[in-house]
Amino acid sequence: MRAVSGASLPIHPVPLHRAHGRSIMTLTTLAWLALAAYGAHILEEYTFDWRNWARAVMKLPVEWSDFYVTNALVVVLGAVQAELAATWPLAPLAYAALMIINAVFFHVLPFLRSGGRFSPGLATAVILFFPVAIAMWWRAWSDGALDGGTAVAAVLVGALLMAYPVVMLNLRSKPYFRQDRP
């Protein structure tokens with residue numbers, strides 16, 4: 001038993017991973033938390049004008065409609081991976097990989113490369129994405145659901161999910177893909 005910063009209330013630490021012999025944070029629970037983290041992340045990006053930041057810093061030809069459609073898909077995929085977590089661990093691990101890739105390559109590294117210019121989404125990427133995604137990988141490993149093949153597949157799927165909208169953004173201006181031509 002310990003006290004909180006001079007307060008007289010006792011704290012009885014209970015590990016988050018075990019309570020009464022059961023796991024509290026199952027892969028499914030963490031998968032739903034990942035979706036909630038993504039929701040908070042999307043709100044941060046929208047609130048602090050990710051579109052203009054992405055245009056200026058990352059040189060992405062992005063519009064708000066692209067942001068909305070892409071993030072709607074991320075939310076749908078988040079619900080799907082949470083529903084599949086108990087039977088197909090690859091789904092939540094790929095979503096966790098997507099979170100880490102997003103955090104590193106679309107927030108942390110651009111923040112560092114731009115000399116500390118704030119990246120909308122950076123706070124939730126660091127505070128929520130890293131801990132939740134790492135916990136998902138740890139839970140899968142602890143449950144015996146993570147092997148080398150699953151890890152590689154999850155990272156590849158996560159990378160493909162992250163790359164897909166970026167590739168499409170860059171392709172749409174090419175003459176072959178333009179729908180406003182005769």
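This is a predicted model: local features need pLDDT of at least 70, side-chain atom pairs count only at pLDDT 80 or more; totals for chains, interfaces and linings use all residues.
## Helix 1 against helix 3

Two packed helices are described by the angle between their axes and the distance between the axes. Helix 1 covers residues 27–47, and helix 3 covers residues 64–84. They pack at an angle of about 170°, and their axes are 8 Å apart. Helix 1 is therefore roughly antiparallel to helix 3, because angles over 145 degrees count as such.

Which residues of helix 1 meet helix 3? Among them are Thr-28, Ala-31, Trp-32, Leu-35, Tyr-38, Ile-42 and Tyr-46. On the helix 3 side, the contacts include Trp-64, Phe-67, Tyr-68, Val-74, Val-75, Gly-78 and Ala-82.

## Positive phi in two loops

Most residues other than glycine have a negative phi. Asp-49 has a positive phi, near 65°. Asp-49 lies in the loop between helix 1 and helix 2 (50–58). Is Asp-49 buried, partly exposed or exposed? Asp-49 is partly exposed, with a relative accessible area of 29%.

Lys-59 is not a glycine either, yet its phi is positive at about 60°. Lys-59 is placed in the loop between helix 2 and helix 3. Lys-59 counts as exposed because its relative accessibility is 63%, and the cut-off for exposed is over 50%.

Definitions and conventions: Residues are numbered from 1 along each chain as its sequence is written. Side-chain values use heavy atoms; hydrogens and water are left out. Axes are lines fitted to C-alpha atoms, for helices over the stretch in contact, and angles run from 0 to 180 degrees between N-to-C directions. Helices (H or I, at least four residues) and strands (E, at least two) are DSSP runs, numbered from the N terminus. Angles under 35 degrees count as roughly parallel, over 145 as roughly antiparallel, 65 to 115 as roughly perpendicular and the rest as oblique. Contact means heavy atoms within 4.5 Å. Buried means under 20% relative accessible area, exposed over 50%, partly exposed in between (1.4 Å probe, protein chains only).
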